[in-house]
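This report describes a ligand site and several parts of the chain around it and elsewhere. The sequence and structure come next.

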Amino acid sequence: MKVGILGGGQLGRMLALAGYPLGLRFRFLDPKGDAPARPLGEFVRARFDDLDAVAAFVEGLDVVTWEFENVPISTARFLAERVVVRPGPAALEQAQDRLTEKKAFQALGIPRAPCRAVDSRQDLLRARTELRLPAVLKTRRMGYDGKGQRVLATSADVEEAWEALGGTPLLLEGLVPFERELSIVGVRGRSGETRFYPLVENDHEEGILVRTRAPAEDVPAGLQKLAEGYLRRLLEAVDYVGVMALELFQVGEELLANEMAPRVHNSGHWTQEGARTSQFENHLRAVLGLPLGETEAVGWTAMVNLIGRVPSASAVLRVPGAHLHLYDKAPRKGRKVGHVNVRASDVREGEQRLRALTRVVMPDGVTM
Ligand code: AMP
């Protein structure tokens with residue numbers, strides 16, 4: 001079976017690495033020549049809106065999926081007329097615009113922070129009065145890793161944020177006084193069967209995910225089921241097939257949805273060594289109509305992103321339980337170049353190992 005993947009980033013690379021043991025072969029489409037997935041299969045270098053290239057890309061593929069959700073919707077539809085595309089274009093469309101996404105949360109009864117669309121300075125001033133500060137101004141499209149966001153703490157920040165982001169469709173959202181950030185990754189098969197990984201805890205710095213602890217500690221009774229229920233609604237609403245992630249803010253015993261990702265997700269990388277079946281394998285199983293794998297955690301795992309620099313492999317691997325995943329990307333400030341999963345039998349041992357790893361990957365003494 002040959003799987004086509006739109007996007008050749010690290011997620012595509014890790015999908016292929018999970019797919020080879022299942023006898024799968026891969027073809028990637030990506031505009032960048034140095035895409036991390038390139039060594040792992042056939043590679044078509046073309047823009048996502050180059051429909052001649054897309055038509056050639058699809059020849060001989062059994063199924064197409066994506067690892068990058070900002071593929072033009074017209075390309076997804078063009079593909080869906082020629083080959084099985086999983087998840088289907090509807091999920092892509094919903095996730096491309098933060099406003100559509102927030103409306104979907106509301107329509108499905110999934111709690112979220114109040115928000116307003118902002119298309120002009122006047123809209124911003126009105127939204128600020130309605131929502132009150134502090135709030136976050138976000139671009140509606142193409143935002144990732146905290147890019148295209150400004151926190152408005154006081155009225156003085158409003159003008160500066162408008163100067164920085166005005167001119168593109170925006171969204172103002174109330175700042176959530178969360179206790180912690182959690183996320184849940186789930187998978188839905190072609191028959192409609194769903195499976196969910198345990199809730200995990202995520203730390204962000206400057207909008208970038210730096211660390212995941214899996215499973216999250218001290219999850220109040222009922223919270224896992226609540227998160228599963230929200231994600232199930234999202235999956236079923238668009239007859240989704242594959243892995244989806246939902247980022248959540250925990251406030252007491254409540255969960256507020258922040259963002260959904262219609263693909264394998266960075267907060268699910270721990271599953272490579274930390275769960276019975278990785279999110280990458282389960283995504284492939286789902287899109288190919290194969291039985292889904294078990295999603296239980298195996299012990300306790302921390303995932304640490306390598307951002308901006310590649311540490312010494314031997315120093316990382318000296319930490320007990322550490323597994324290194326490099327993406328073959330040139331280091332650049334703020335760029336994710338790999339991650340490390342540290343597995344342990346329980347949280348106590350895991351936190352110790354995580355401290356040892358942190359000394360290696362963040363030698364400047366960044367606090368945890
Ligand atoms: P996003 O790109 O929307 O996932 O935002 C990146 C990160 O910014 C989140 O993981 C949070 O740490 C923070 N953030 C975004 N929106 C909010 C909000 N409404 N309230 C509090 N923190 C937020």
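## Ligand shell

By class, the residues of the shell around the ligand divide into five nonpolar, four polar and six charged. The model is predicted. In total, 15 residues surround the ligand, and the closest are Gln149, Glu173, Val176, Glu181 and Glu259.

The side chain of glutamate 181 has an N or O atom 2.6 Å from an oxygen atom of the ligand. For arginine 98, an N or O atom of the side chain is 3.0 Å from a ligand oxygen atom. Glycine 174 takes part through its backbone, where an N or O atom lies 3.0 Å from a nitrogen atom of the ligand. On its own the ligand has 480 Å² of accessible area, and the protein covers 90% of this. Two or more residues of the shell come from each of these elements: strand E6 (135-139), strand E8 (170-174), strand E13 (242-251) and strand E14 (254-261).

## Domains

The chain is divided into three domains: domain 1 (2-85), domain 2 (114-174) and domain 3 (180-365). Domain 2 and domain 3 each give at least three residues to the shell around the ligand. The C-alpha centres of domain 2 and domain 3 are 29 Å apart.

## Helix H4

Of the eight residues of helix H4 (residues 89-96), six are buried, and the helix is mostly covered. The buried residues are Pro89, Ala91, Leu92, Gln94, Ala95 and Gln96. They pack against strand E4 (63-66), helix H3 (73-80), helix H5 (98-107) and E14. Strand E14 is also one of the elements that give two or more residues to the ligand shell.

## Helix H1

How many of the 10 residues of helix H1 are buried? Nine of them are, so helix H1 (residues 10-19) is largely enclosed by the rest of the structure. The buried residues are Gln10, Leu11, Gly12, Arg13, Met14, Leu15, Ala16, Ala18 and Gly19.

What do the buried residues of H1 pack against? Their partners include the strands E1 (2-6), E2 (25-30), E16 (322-326) and E17 (336-344). The helices H9 (271-274) and H10 (279-287) are also among them.

## Strands E16 and E17

Strands E16 and E17, both packed against by buried residues of H1, each hold a residue that can be examined separately. Asparagine 341 is in strand E17. Is asparagine 341 buried or exposed? Its relative accessibility is 0%, so asparagine 341 counts as buried. The side chain of asparagine 341 makes a polar contact of 2.8 Å with the side chain of glutamate 273. Leaving out residues up to four places away in sequence, asparagine 341 touches His269, Trp270, Gln272, Glu273, Thr301, Ala302, Met303, Gly321, Ala322, His323 and His325.

Leucine 324 belongs to strand E16. With a relative accessibility of 23%, leucine 324 counts as partly exposed, because a residue is buried when under 20% and exposed when over 50%. Leu306, Ala313, Val316, Leu317, His339 and Val340 are touched by leucine 324, again not counting residues up to four places away in sequence. From leucine 324 to threonine 358 the separation is 34 residues in sequence, and 13 Å in space from C-alpha to C-alpha.

Note on methods. Residues are numbered from 1 along each chain as its sequence is written. This is a predicted model: local features need pLDDT of at least 70, side-chain atom pairs count only at pLDDT 80 or more; totals for chains, interfaces and linings use all residues. Side-chain values use heavy atoms; hydrogens and water are left out. Buried means under 20% relative accessible area, exposed over 50%, partly exposed in between (1.4 Å probe, protein chains only). Helices (H or I, at least four residues) and strands (E, at least two) are DSSP runs, numbered from the N terminus. Contact means heavy atoms within 4.5 Å. A residue is near a molecule or strand if one of its heavy atoms lies within 4 Å of it. A polar contact is a pair of N or O atoms within 3.5 Å; within protein, one must be able to donate a hydrogen and the other to accept it, and residues adjacent in sequence count only if both atoms are side-chain atoms. Accessible areas come from the Shrake-Rupley method with a 1.4 Å probe; for residues, only the protein chains shown count as cover. Ala, Val, Leu, Ile, Met, Phe, Trp, Tyr, Cys and Pro count as nonpolar, Asp, Glu, Lys and Arg as charged, and the others, Gly among them, as polar. Domain bounds come from an automatic or database domain assignment.
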